[in-house]
Amino acid sequence: MSSAAFSGNTAEQQWVLPSRGRVGMFSLIAAESAIFTIFVVAYIFYLGKSISGPTPTDVLELPILGTICLLSSSLTIHLAVRALRNAKVGAFGLWWFVTLALGTIFLVGTGREWHHLIYDKGLTVSTNLFGTTYYSLVGLHAFHVTVGLIGIALAMIFTIFGKVQPEHAERAEIFSLYWHFVDVVWVIVFTVVYVIGR
Amino acid sequence: MSSETIALSTVGQDARPIGERLHEWVVTVDHKKLGILYIVYGIVFLVIGGIEALIMRIQLVVPQNHFVSPQVFNRLFTMHGTTMIFFVVMPLLFGFGTYLIPLMIGARDMAFPRLNAFSFWMTAFGGVLLYFSFIGGYGLFGAGNAPDMGWFAYAPLTARAFSPGHSTDFWTLALLISGIGSIGTAVNFIATILSMRCPGMTLGKMPLLAWLNLIMGGMVLLAISPLTAAQIMLSIDRYLGGHFFDTQAGGSAVLWMHFFWIFGHPEVYILVVPAFAFASEIIPVFSRKPIFGYPVMVAATICIGFVSFSVWAHHMFTVGMSAYGNTFFTVTSMIIAVPTGIKIFNWLGTMWGGKIQFKAPMLFCVGFLFQFLIAGLTGIMLATSPFDWQLGNSYFVVAHFHYVIVGAILFTIFAAFYYWFPKMSGRMYNETFAKWHFWLFFLGFHLTFDFMHIPGILGMPRRIYTYEPGRGWEIWNLIVTIGVFFQTAGVLAFVANLVWSLWKGKPAGNDPWDAWTLEWSTSSPPADYDFAATPAVRSRRPLWDLKHPEDPDWKYE
């Protein structure tokens with residue numbers, strides 16, 4: 001059977017489909033959102049149900065610096081992608097590096113907070129329900145930040161070796177969707193854990 | 001129709017050494033090879049899960065039987081359930097989807113071929129991990145042990161105190177890993193269907209199989225993820241001393257139920273929607289009519305997809321929820337019968353007035369229609385919470401959900417096997433053997449699952465390893481077990497037919513059914529690149545347009 005027999009008028013018309021990378025990333029984000037939803041639900045459900053201390057009010061402090069850094073990194077990754085689309089590879093590298101640095105500051109902040117909670121306050125996963133749900137939720141988010149930072153660091157290495165070109169702008173943008181998602185999740189985690197739950 | 005096909009079939013012509021050919025299957029990223037790997041993997045586990053069911057039915061054939069011990073019986077029903085859902089039906093459906101979706105939408109492969117391979121091997125590794133628990137369950141303690149807490153693994157049975165050793169951990173990790181594979185497959189299905197369609201194939205002109213798999217993909221993303229999350233929590237409980245489901249530290253066993261069933265109920269629809277997809281492709285071809293009510297079919301499936309996320313707690317009526325909770329979940333569970341009923345009427349409307357050909361695929365689809373209706377009716381009975389208080393956790397429930405999973409889903413999977421076997425292998429199956437398969441399996445199915453409702457009504461609880469004589473359950477259990485032997489004979493006829501036809505079947509040609517969708521326009525089996533030139537379509541039945549240029553569909557759609 002000749003495949004040419006299939007071509008009708010539509011073949012000559014413009015045939016545009018959504019980018020598979022974007023569709024794939026949005027699908028992944030949907031799945032990740034469902035995972036985070038379950039952890040957030042568990043956190044809220046167990047608020048105040050711990051039968052022993054310490055409680056969130058006793059030990060949690062607002063992670064202001066980390067939050068500012070992480071939320072700003074959404075802006076810087078956006079600027080990086082825009083620079084790459086305008087073929088400014090140097091500006092891309094700069095903004096990309098700033099994103100990497102801001103994300104790392106956030107992660108170090110979480111690490112210091114956990115160190116403080118474990119060694120000074122005696123809160124671990126097995127201490128009480130608050131410890132279990134807190135470390136799970138914040139840890140799941142920190143895990144996603146770590147995965148994102150590994151991705152950003154890889155692209156940074158490629159940039160240093162001059163392998164990143166303007167034609168990679170779409171890939172960078174699709175990756176930035178993930179990073180924005182991680183930021184949005186942090187807004188929710190911050191609200192639930194440090195504002196409502198404290 | 002084969003005169004201008006570019007690729008020639010290579011069946012039986014491959015002269016390379018066996019090692020090289022096997023290596024090609026391991027490293028492949030081709031959607032057709034991965035689809036077949038999924039399907040073969042599913043069949044292997046179907047046989048394993050079937051043997052587990054057979055052993056359980058032999059144990060229950062007479063009262064006070066000692067064929068297996070109570071401990072082994074617990075492991076058998078746990079492994080049977082987990083295997084059949086996660087490592088038989090899901091891989092079979094994903095396998096057909098992976099194989100067929102690119103061919104039906106005129107693409108040369110999935111959107112992400114390597115993710116496709118990754119997803120398959122994650123699923124495969126999950127199944128191996130689950131069965132490794134038979135030898136690794138007690139770890140260094142020597143004696144083997146498989147998980148024995150039931151396939152929904154209610155807390156506190158999964159707590160360290162009640163599940164020592166590693167059997168529960170193998171179960172958790174197996175589901176976690178195969179769940180990641182399922183999410184990868186769903187991402188791939190959605191991206192392929194939305195972004196890889198051939199020119200002219202707008203969403204309204206896609207084959208229903210593509211539409212229904214798109215909806216299934218969306219449901220996998222939102223339903224498998226809660227299971228993944230719950231498995232992570234269970235691992236935290238078991239390994240890090242967490243308290244998510246530890247009632248002694250204030251945790252909640254009911255929360256696990258909610259998390260499990262918010263996965264578990266959509267999962268039923270994740271399994272049945274692709275089964276609907278098979279029926280929606282096969283029934284029109286063997287009725288020689290286009291599908292009746294295409295847009296309504298799509299709308300009804302989307303509706304099922306949405307409503308299926310609001311019915312989960314009808315699995316938990318016996319837990320003791322509030323009256324508002326019971327009412328809400330009773331009502332939503334009944335609402336879902338409306339779009340499902342619409343679909344049944346549409347399939348009947350497709351058959352109405354058609355020139356029906358009762359080949360094996362059509363026989364299985366007709367069986368599906370009939371049995372799915374009964375499964376739905378017992379479903380409405382169980383959705384009524386007072387009725388469920390009476391029969392929850394009885395054999396009535398077991399009969400109901402096997403009616404769905406075997407009577408509806410497995411029947412359409414068999415239909416899909418016979419329908420697409422000529423495309424995948426290039427050879428026809430043996431119709432006589434296929435008819436034997438159908439009638440043996442049909443008889444066995446009804447002997448087993450029709451009569452299984454009755455001991456449930458008489459009060460026989462599920463998951464008991466034996467029972468006292470004199471309760472009126474004996475004759476029903478005997479009939480149920482006899483039915484299993486008929487089903488086994490049917491499956492043997494099926495496997496024998498597949499193996500025999502693979503080597504000795506008549507060459508099928510490109511289009512043995514005179515069908516209308518794009519996969520029948522390429523060679524059987526299709527070449528590595530699927531289509532020599534990218535097709536372009538103008539209607540839902542591109543091959544009809546090609547065969548009937550004087551009366552094409554696109555004039556009317």
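Student: Leaving aside neighbours within four places in sequence, which residues is Ile282(B) in contact with?
Tutor: This is a predicted model. In it, Ile282(B) contacts Pro361(B), Met362(B), Cys365(B), Ala415(B) and Tyr419(B).

Student: Which residues touch the most other members of the largest nonpolar core?
Tutor: Ile282(B) is one of them, along with Ile105(B), Ile409(B) and Ala415(B). That core has 213 residues.

Student: Which helix gives the largest share of this core?
Tutor: Helix H13 of chain B, residues 395-425. It supplies 23 residues.

Student: What does the second, separate core include?
Tutor: That core has 8 residues. Among them are Met56(B), Phe73(B), Ala146(B) and Val484(B).

Student: Switching to the fold. How many helices and strands are in chain B?
Tutor: Chain B has 16 helices and 0 strands. Of its 557 residues, 56% count as buried.

Student: What does the radius of gyration of chain B agree with?
Tutor: A compact globule. With 557 residues, such a globule would have a radius of gyration near 24 Å, and chain B has 23 Å, so the two agree. The C-alpha atoms fill a box of roughly 70 × 50 × 40 Å along the principal axes.

Student: Now the partner. How many residues of chain A are in contact with chain B?
Tutor: 36 residues of chain A, against 45 residues of chain B. Helices H1 (20-45) and H5 (129-160) of chain A each supply at least two residues of the chain A side. H1(A) gives the largest share, 13 residues.

Student: What classes of residue make up that side of chain A?
Tutor: 21 nonpolar, 13 polar and 2 charged residues.

Notes
Residues are numbered from 1 along each chain as its sequence is written. Chains are lettered from A and ligands numbered from 1 in the order in which they are written. This is a predicted model: local features need pLDDT of at least 70, side-chain atom pairs count only at pLDDT 80 or more; totals for chains, interfaces and linings use all residues. Helices (H or I, at least four residues) and strands (E, at least two) are DSSP runs, numbered from the N terminus. The radius of gyration is taken over C-alpha atoms; the globule rule is 2.2 Å times the number of residues to the power 0.38. A residue is buried if 20 or more other C-beta atoms lie within 10 Å of its own, exposed if 12 or fewer, and partly exposed in between; C-beta atoms are placed from the backbone. Two residues are in contact if their C-beta atoms, placed from the backbone, lie within 7 Å. Ala, Val, Leu, Ile, Met, Phe, Trp, Tyr, Cys and Pro count as nonpolar, Asp, Glu, Lys and Arg as charged, and the others, Gly among them, as polar. A nonpolar core is a set of buried Ala, Val, Leu, Ile, Met, Phe, Trp, Tyr and Cys residues joined through C-beta atoms within 7 Å.
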